[in-house]
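Hi everyone, thanks for making time this morning.

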Amino acid sequence: MKRIYFVIVAVIAIVYVITEVRKGKFSIKESIYWFIASLIMLILAIFPNLLDSLATFLGIGYSPSLLFTICIIFLLFINFRSSRKIAEQEEKIIELAQDIALLKEENRKK
């Protein structure tokens, strides 16, 4: 029963990402990471022993800790990318504000 629940949640996540991209609320480039995460969630829901095997292969005694570690790394990666994009956008905003100020000054002189 739990397995079915997690499969449904993963499918809903995939459908939600695709729907948001189609509506234009989410860029394709950014949605790729969320789509991959949803697919991994679906694979782990269908094959729960895969996580145990991977944890054993990596020498991790408690397999849920591997899942949490993967999730934390993924979220840190997404957070870093978002922070970088915000910094780039702030630079562009400052540049645009300066350009507007220069254009206003030119208009006043005319």
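I'll start with the ground rules, then take helix packing, then the charges.

This is a predicted model, so local features need pLDDT of at least 70 and side-chain atom pairs count only at pLDDT 80 or more, while totals for chains, interfaces and linings use all residues. Residues are numbered from 1 along each chain as its sequence is written, and side-chain values use heavy atoms, with hydrogens and water left out.

Let's begin with packing. Two packed helices are described by the angle between their axes and the distance between the axes. Here axes are lines fitted to C-alpha atoms, for helices over the stretch in contact, and angles run from 0 to 180 degrees between N-to-C directions. Helices themselves are DSSP runs (H or I, at least four residues), numbered from the N terminus.

How do α2 and α4 pack? Their axes are 11 Å apart, at an angle of about 170 degrees. The two are therefore roughly antiparallel to each other; the label applies to angles over 145 degrees, while 65 to 115 counts as roughly perpendicular. On the α2 side of this contact (heavy atoms within 4.5 Å) we have E30, Y33, W34, A37 and L44, and they meet L67, F74, L75, F77, I78, R81 and K85 in α4. By class, that contact has 9 nonpolar, no polar and 3 charged residues. For the classes, Ala, Val, Leu, Ile, Met, Phe, Trp, Tyr, Cys and Pro are nonpolar, Asp, Glu, Lys and Arg are charged, and the others, Gly among them, are polar.

Now for α3, residues 49-58, against α4, residues 63-109: their axes come within 8 Å and cross at roughly 90 degrees. That makes α3 roughly perpendicular to α4. In this contact L51, D52, L54, A55 and L58 in α3 meet S63, L66 and L67 in α4. The residues there divide into 6 nonpolar, 1 polar and 1 charged.

On to the charges. Side chains of opposite charge can pair when their charged atoms come close. I'm calling it a salt bridge when a side-chain nitrogen of Lys or Arg is within 4 Å of a carboxyl oxygen of Asp or Glu, and by this rule the count comes to 4.

Which residue does R81 pair with? R81 forms a salt bridge with E30, the closest N and O atoms being 2.8 Å apart. This pair links distant parts of the chain, with R81 in α4 and E30 in α2 (residues 28-46), 51 residues apart. Both are buried, meaning under 20% relative accessible area, with exposed being over 50% and partly exposed in between (1.4 Å probe, protein chains only).

K85 also forms a salt bridge with E30, at 3.8 Å between the closest N and O atoms. K85 lies in α4 and E30 in α2, so this pair ties together parts that are 55 residues apart in sequence. At 32% relative accessibility, K85 counts as partly exposed.

Salt bridges that share partners join E30, R81 and K85 into one network.

(Lys and Arg count as positive and Asp and Glu as negative; His and the chain ends are not counted.) Leaving aside residues up to four places away in sequence, E20 touches K25 and F26.

Thanks, everyone!

Definitions and conventions: Angles under 35 degrees count as roughly parallel, over 145 as roughly antiparallel, 65 to 115 as roughly perpendicular and the rest as oblique.
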